[in-house]
Amino acid sequence: MTADARFMRLALSLGLRGLGQVWPNPAVGCVIVRDGIIVGRGSTRRGGRPHAETVALDQAGDAARGATAYVTLEPCAHHGKTPPCADALVAAGLSRVVVATGDPDPRTAGRGLQILRDAGITVDLGLMDDAARAANAGFLKSVTDGLPWVTLKLASTLDGRIATSTGESRWITGSLARRAVHGLRRTHDAVLIGAGTARADDPMLDVRDLGTDLRQPVRVVLSRDLNLPINGRLAQTAKAQPVWLIHAEDAAIRDWAGTGATLIPCATQEHQIDITAALREMASRGITRVLCEGGSHMAASLLHHGVVDEVVVMQAGCAIGSDGLPSLAGMGVRDLSDAPRFDLTEVRAIGNDTLQCWRPRSP
């Protein structure tokens with residue numbers, strides 16, 4: 001491995017720490033090297049500021065002059081709540097900047113690189129581009145498509161059931177698998193469920209036992225009519241941890257007005273919340289990565305509309321039988337050729353359970 005690749009790999013690992021913590025900004029990592037020695041390193045801080053380059057430059061101080069910076073995403077070129085990172089790199093006197101991938105945001109999109117080049121800085125673009133794009137897939141998708149990255153999580157038995165015929169579902173998977181779910185929540189900006197899950201489980205949907213200095217995910221519930229328990233845990237904690245309720249425009253919102261929840265009207269389709277429109281509403285408010293922990297109907301709807309980017313299956317070594325609740329509701333698939341197909345990307349044991357990751361197969 002070349003020295004450039006080694007330093008960029010470190011920058012990527014730093015950036016990954018920000019997943020779920022820095023939205024609406026991308027999770028960027030930056031490493032500054034002078035004469036083969038790391039003099040500064042940084043990642044985008046919780047809430048999106050300061051940016052990774054600023055953190056690394058502050059750490060490097062005067063040692064940044066004449067150094068090389070390794071940045072996982074093109075430095076921003078626009079004035080927002082912080083000055084452009086491209087200008088900061090120029091002012092620090094760097095001689096070279098290695099960038100993994102470009103930023104499609106129209107406010108930057110090549111301008112950041114041009115600012116560096118106009119200042120006489122050598123710019124190399126494309127080192128570990130695939131890894132950088134994968135790391136910030138949510139941010140890139142939200143910018144280019146107006147949709148967040150969607151991870152569908154399913155926890156089921158060997159025969160694909162998520163509850164018994166009486167509705168009992170706690171706990172199908174073991175404690176280690178449940179802890180892995182908290183890890184997933186930590187790396188996503190929002191956790192999404194439907195009204196049925198909110199009523200049946202009264203969930204908290206927070207991250208637990210993974211440290212205290214965390215930005216908790218936004219808890220999003222799709223409920224056409226807002227027929228949710230006002231005394232449930234989501235309502236009672238909405239002022240402490242964000243709750244977004246996406247509802248039809250004609251829903252009665254009076255009961256929820258003082259809870260602290262954010263009420264978001266949305267288009268409907270066939271008397272249900274339009275799932276794609278709901279995701280666009282979330283993206284427009286800065287959400288880049290969504291973890292769906294809803295029930296079988298929401299899971300089927302997401303798959304049916306082709307908006308799932310990754311499926312994570314936690315499978316337990318038990319069986320319930322056909323009278324149990326299936327992990328997916330009906331999707332109207334009559335021919336196998338119409339069934340969505342996925343490629344397996346990872347399998348590993350988690351205690352007595354297994355974790356499988358699947359990605360949609362390219363046409």
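Modeller: Just after helix α2, glycine 61 adopts a positive phi of about 60 degrees. Helices (H or I, at least four residues) and strands (E, at least two) are DSSP runs, numbered from the N terminus. The model is predicted: local features need pLDDT of at least 70, side-chain atom pairs count only at pLDDT 80 or more, and totals for chains, interfaces and linings use all residues. Residues are numbered from 1 along each chain as its sequence is written, and side-chain values use heavy atoms, with hydrogens and water left out.

Biologist: Which residue other than glycine has a phi near 65 degrees?

Modeller: Most residues other than glycine have a negative phi, and most peptide bonds are trans. Aspartate 209 has that positive value; this residue is found in the loop between α8 (195-201) and β9 (218-222). Alanine 109, with phi near 25 degrees, is found in the loop between β4 (96-99) and α4 (111-118).

Biologist: Which residues of helix α2 are buried?

Modeller: Buried means under 20% relative accessible area, exposed over 50%, and partly exposed in between (1.4 Å probe, protein chains only). In α2 (residues 52-60), Ala52, Glu53, Val55, Ala56, Leu57 and Ala60 are buried. Their cover includes β1 (29-34), β2 (37-43), β3 (68-71) and α3 (85-91).

Conventions: Contact means heavy atoms within 4.5 Å.
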